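This report describes a predicted model.

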Amino acid sequence: MKRNEFTRRGGIRAVVAALFFAQTWLVASAALAQAAPVAVAARPGDPVRGKALYQGCESCHSLNENDVGPKHRGVVGRRAGSVADYAYSPALKSSGLTWDEATLNRWLVNPSALVPGTKMFFKIDDAQSRADLIAYLRAQK
Ligand code: HEC
């Protein structure tokens, strides 16, 4: 093998290895983000405060009509991505999640960390606010 061909092959191998490591790192950090603990509220959720906070969701959601996001009535206890006449992202539709307090808490802190590829980009940083919102949604049967 000629010297310069050897160097070229070595270079290609180095690039392939670098890409492999970069991909492994990305997959590992995505898995870590998904597994990271999410803060839970100290007090039980307050549905009255939740109703006021829900106004922030109403630019995209309502209880009874699909809008930018799916309708919310009955969402607690429902399978994710299961409103028949709403066009979900394939990611949410195939997530296999059921909406309970724990999954909604993870969802609201960062939808894309729970369901990579979702089309909801809206976060609630405060754990108590998430609990209040979930308490409100739970009451909307
Ligand atoms: C900027 C628009 C927007 C805002 C604001 C928004 N959402 Fe969403 N939401 C969406 C979209 C779009 C989807 C569908 C996601 C998908 O298909 O991947 C969604 C989906 C959801 C789902 C899943 C429902 C199901 O049927 O599986 C829940 C729960 C939810 N949103 C809760 C909330 C709550 C609670 C708030 C307010 C704190 C909120 N969203 C604010 C756009 C929004």
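## A loop residue

Pro37 has 6 C-beta neighbours inside 10 Å and therefore counts as exposed, since a residue with 12 or fewer such neighbours falls in that class. Pro37 is placed in the loop between α1 (3-35) and α2.

In sequence, Pro37 and Arg106 are 69 residues apart. In space, their C-alpha atoms are 8.7 Å apart.

## Overall make-up

The protein has 6 helices and 0 strands. Along the sequence, the pattern reads α-α-α-α-α-α.

Of the 141 residues in the protein, 21% are buried. Taking the contacts between residues at least 6 apart in sequence, 55% join residues at least 24 apart.

## Helix α6

Helix α6 covers residues 127-139, which is 13 residues. The distance from its first C-alpha to its last is 19 Å, close to the 18 Å expected at 1.5 Å a residue.

The buried residues in α6 are Arg130, Ala131, Asp132, Leu133, Ile134, Ala135, Tyr136 and Leu137.

## The packing of α2 and α6

Two packed helices are described by the angle between their axes and the distance between the axes. For α2 and α6, the axes come within 7 Å and cross at roughly 95°. The two helices, α2 and α6, are therefore roughly perpendicular to each other, because angles of 65 to 115 degrees count as such.

On the α2 side, the contact is made by Pro47, Arg49, Gly50, Lys51, Leu53 and Tyr54. On the α6 side, the contact is made by Ser129, Asp132, Leu133, Ala135, Tyr136 and Ala139. By residue class, the contact of α2 with α6 divides into 7 nonpolar, 2 polar and 3 charged residues. Among the α6 residues in this contact are Asp132, Leu133, Ala135 and Tyr136, and Asp132, Leu133, Ala135 and Tyr136 are also buried.

## Around the ligand

There are 25 residues around the ligand, and of these Cys57, Cys60, Gly69, Ser89 and Met120 come nearest. The shell around the ligand divides into 17 nonpolar, 7 polar and 1 charged residues.

Helices α3 (90-93) and α4 each supply at least two residues of the shell around the ligand.

Methods:
Residues are numbered from 1 along each chain as its sequence is written. This is a predicted model: local features need pLDDT of at least 70, side-chain atom pairs count only at pLDDT 80 or more; totals for chains, interfaces and linings use all residues. Helices (H or I, at least four residues) and strands (E, at least two) are DSSP runs, numbered from the N terminus. A residue is buried if 20 or more other C-beta atoms lie within 10 Å of its own, exposed if 12 or fewer, and partly exposed in between; C-beta atoms are placed from the backbone. Two residues are in contact if their C-beta atoms, placed from the backbone, lie within 7 Å. The expected span of a helix is 1.5 Å times one less than its number of residues. A residue is near a molecule or strand if its C-beta atom, placed from the backbone, lies within 6 Å of it. Ala, Val, Leu, Ile, Met, Phe, Trp, Tyr, Cys and Pro count as nonpolar, Asp, Glu, Lys and Arg as charged, and the others, Gly among them, as polar. Axes are lines fitted to C-alpha atoms, for helices over the stretch in contact, and angles run from 0 to 180 degrees between N-to-C directions. Angles under 35 degrees count as roughly parallel, over 145 as roughly antiparallel, 65 to 115 as roughly perpendicular and the rest as oblique.
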